[in-house]
Amino acid sequence: MNLMILAIGKMKKNSPEQSLVDFYVRNSLWPIKIIELEEKRSLAGDALKDAESNLLLKHVPPAAKIVVLDERGKNVSSTDFSEQLVRWQDDGCRDVVFLIGGADGHASFLRQKADLLLSFGKMTLPHMLMRVVLCEQLYRAYTISIGHPYHKI
């Protein structure tokens with residue numbers, strides 16, 4: 001199963017966040033690809049949110065499971081998250097795509113397309129730090145799936 005993170009905004013090379021993302025991506029045996037996107041037009045408000053959401057959708061592979069990271073989403077445990085990914089893998093899902101929106105979040109039409117609307121809690125996290133948290137949870141989910149002791153229950 002291939003995992004892809006589509007994110008609005010570019011992470012600075014050699015930043016602490018980039019180092020952590022690289023660590024978790026390198027150590028996960030589920031391949032994780034990260035694509036960073038930017039809306040080039042000068043837009044604001046709902047127009048920007050719609051444009052960014054369309055930009056994200058344009059890069060989603062056909063038949064991929066779509067996980068939209070959103071504060072209104074479901075808050076799940078690491079074990080439940082791992083079990084969901086394994087279910088999709090066992091069902092023959094080839095691609096799972098995680099969408100991280102811009103500062104204003106996702107348009108409602110994008111949230112409606114989600115196979116899973118996922119929240120990592122009520123607190124607001126910087127977008128670059130959210131990538132680190134997501135990559136760590138993907139690595140953790142993989143280790144849970146193989147019974148590795150990284151995740152201590």
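**Helix H3 and the cysteines**

In this predicted model, the buried residues of helix H3 are covered by elements that include strand E3 (65-75), strand E4 (95-100), strand E5 (116-119) and helix H5 (127-145).

**Helix H3**

- Helix H3 runs over residues 78-90, and its 13 residues should span 18 Å at 1.5 Å a residue, a value with which the 18 Å between its end C-alpha atoms agrees.
- The buried residues in H3 are Ser78, Phe81, Ser82, Gln84, Leu85 and Trp88.
- Because these buried residues fall within an arc of 160 degrees when H3 is seen down its axis, they line one face of the helix.
- Just after H3, the backbone at Gly92 takes a positive phi of about 90 degrees.

**Cysteines**

- The structure holds zero disulfides, and Cys93 is accordingly in none, with the nearest cysteine sulfur, that of Cys135, lying 18 Å away.
- Cys93 is buried, because its relative accessible area of 11% falls under the 20% cut-off.
- Cys135 also counts as buried, its relative accessibility being 0%.

Notes
Residues are numbered from 1 along each chain as its sequence is written. This is a predicted model: local features need pLDDT of at least 70, side-chain atom pairs count only at pLDDT 80 or more; totals for chains, interfaces and linings use all residues. Side-chain values use heavy atoms; hydrogens and water are left out. A disulfide is a pair of cysteine sulfur atoms within 2.5 Å. Buried means under 20% relative accessible area, exposed over 50%, partly exposed in between (1.4 Å probe, protein chains only). Helices (H or I, at least four residues) and strands (E, at least two) are DSSP runs, numbered from the N terminus. The expected span of a helix is 1.5 Å times one less than its number of residues. The arc is that of the directions from the helix axis to the C-beta atoms. Contact means heavy atoms within 4.5 Å.
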